[in-house]
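Walk me through this structure, from the overall fold down to single residues. Where is the nonpolar core, and how do the strands pair?

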Amino acid sequence: MKSTLSISSLSRQVLLRETRDYLMIALGMILYGIGWTVFLLPNDITTGGVPGIASIVFWATGFGAIPVSVSYFVINVVLLLAALKILGFKFSIKTIFAVFTLTFFLSLIQELTAGMHLLQDQPFMACVLGASFCGSGIGIAFSSNGSTGGTDIIAAIINKYRDITLGRVMMICDMIIITSSYFVLKDWEKVVYGFVTLYVCSFVLDQIVNSARQSVQFFIISKKYQEIGKEINALHRGVTVIDATGLYTGQEQKMMFVLAKKRQSTTIFRIINDIDPTAFVSQSAVIGVYGEGFDHFKLKKSK
């Protein structure tokens with residue numbers, strides 16, 4: 001009976017986590033769609049990846065003959081078919097959801113903003129704002145184990161067969177795409193704005209992904225360690241109790257070791273302060289935490 005309840009509870013947690021991931025991916029695609037179609041596309045500023053290719057097709061065919069949503073969807077379908085065959089279904093499922101979601105919102109946002117041309121005389125501001133929206137959208141999607149498709153699929157496929165990092169492949173693809181926009185726009189200034197967009201987008205992406213995964217560790221010494229530990233356990237964080245001895249006093253005491261997400265640190269401090277304001281607490285940032293509830297090991301398995 002107990003095992004049945006634990007399995008049911010685990011299944012519920014998995015369902016909630018997956019639902020949250022899909023909702024966050026959808027939010028990320030909305031932000032990306034706003035940045036791309038509201039700020040970048042009307043100001044003839046390209047970006048990397050499949051959106052960059054779709055933008056070039058959009059401009060080359062008379063600014064609207066082929067909507068960006070159509071070319072973006074078609075190119076990603078081809079890449080996803082390759083990913084399904086080479087990389088497997090697990091890699092592709094959330095990417096498929098992201099592609100369909102972004103395709104839908106691209107059409108919707110373009111309809112709602114038809115005739116709107118923000119920052120027409122301020123291309124640099126349009127570049128920064130558009131890149132910030134796009135970087136935020138991709139960062140939210142990545143933090144929820146999602147992907148926007150495009151060049152990261154190409155990078156993953158190449159990385160499977162060649163010892164080239166994902167970042168390097170994506171950078172090369174993006175640089176080629178942005179540079180090729182010159183043959184359509186005939187304006188090197190727009191190409192420069194494209195590279196600025198790529199840099200700002202990458203910077204915002206890193207900030208969001210790293211902040212979402214940043215972890216902290218606590219060492220807590222308190223006589224009320226059991227009460228504090230139970231409250232921290234309620235946050236779905238484990239507590240390890242270590243037998244310790246004070247060298248100066250010679251007294252034996254209990255010390256708690258806790259690993260948590262950075263966003264949970266304020267809540268943990270409140271728990272400690274409410275139960276034992278005299279507790280001794282040490283908090284420090286950690287470079288990486290791997291295991292259940294945190295990141296997975298990022299090592300290639302030897303063949």
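**From the whole chain to its parts**

Buried residues make up 40% of the 303 residues in the chain. Buried means under 20% relative accessible area, exposed means over 50%, and partly exposed lies in between (1.4 Å probe, protein chains only). This is a predicted model, in which local features need pLDDT of at least 70 and side-chain atom pairs count only at pLDDT 80 or more, while totals for chains, interfaces and linings use all residues. Residues are numbered from 1 along each chain as its sequence is written, and side-chain values use heavy atoms, with hydrogens and water left out.

The chain has 11 helices and 4 strands. Both are DSSP runs, numbered from the N terminus: helices are H or I with at least four residues, strands are E with at least two. The accessible surface of the chain comes to about 17800 Å². Carbon and sulfur atoms hold 63% of that surface. Areas come from the Shrake-Rupley method with a 1.4 Å probe; for residues, only the protein chains shown count as cover.

Contact means heavy atoms within 4.5 Å. Take the contacts in the chain between residues at least 6 apart in sequence: 72% of them join residues at least 24 apart.

Confidence comes next. pLDDT is the predictor's confidence in each residue, from 0 to 100. The chain averages 78, and 80% of the residues score at least 70. Helix α10 (residues 225-233) has the highest confidence, at 90. Helix α6 (residues 151-161) has the lowest, at a mean of 67. Over residues 299-303 pLDDT stays under 50, and the model has 2 contacts there beyond four places in sequence.

Now the interior. In soluble globular proteins, nonpolar side chains tend to be buried together. A nonpolar core is here a set of buried Ala, Val, Leu, Ile, Met, Phe, Trp, Tyr and Cys residues joined through side-chain atoms within 4.5 Å. The largest such core has 33 residues, and Trp36 and Tyr72 have the most contacts inside it. Two or more residues each come from α1 (2-40), α2 (49-60), α3 (68-86), α4 (89-112), α5 (123-143) and α9 (188-213). Helix α5 gives the largest share, 6 residues. A second, separate core of 13 residues includes Val216, Phe218, Ile228 and Val258.

Tyr72 counts as buried because its relative accessibility is 1%. Leaving aside neighbours within four places in sequence, Tyr72 is in contact with Trp36, Val50, Pro51, Ala54, Val99, Leu102, Thr103, Leu106 and Thr148. Beyond four places in sequence, Thr103 is in contact with Ser69, Tyr72 and Phe73.

A pair of aromatic rings is described by the distance of the centres and the angle of the planes. Rings of Phe, Tyr and Trp (its six-membered ring) pair if their centres lie within 6.5 Å; planes under 30 degrees apart count as stacked, over 60 as edge-to-face and the rest as tilted. By this rule the count comes to 10 aromatic pairs. Trp36 and Tyr72 form one that is edge-to-face, at 6.1 Å centre to centre and 65° between the planes. Trp36 lies in helix α1 and Tyr72 in helix α3, so the pair ties together parts that are 36 residues apart in sequence. Trp36 is buried, at 1% relative accessibility. Ring pairs link Tyr32, Trp36 and Tyr72 into a cluster.

Turn to the strands. Two strands pair if DSSP finds at least two bridges between them. Strand β1 (residues 215-221) has 5 of its 7 residues buried, so β1 is largely enclosed by the rest of the structure. Antiparallel to β3, β1 is joined to it by 7 bridges. Here Phe219 has Phe257 as its bridge partner in β3. β1 also pairs with strand β4 (residues 280-286), antiparallel, over 7 bridges. Ile221 has its bridge partner in β4, Phe280.

Strands β2 (residues 239-245) and β3 (residues 252-261) run antiparallel, with 7 bridges between them. Val239 has Val258 as its bridge partner in β3. The hairpin of β2 and β3 has 6 residues between the strands, and Gly250 takes a positive phi near 75°.

Gln264 is found in the loop between β3 and α11 (265-275). Gln264 counts as buried, at 15% relative accessibility. Apart from neighbours within four places in sequence, Gln264 is in contact with Leu235 and Arg237.
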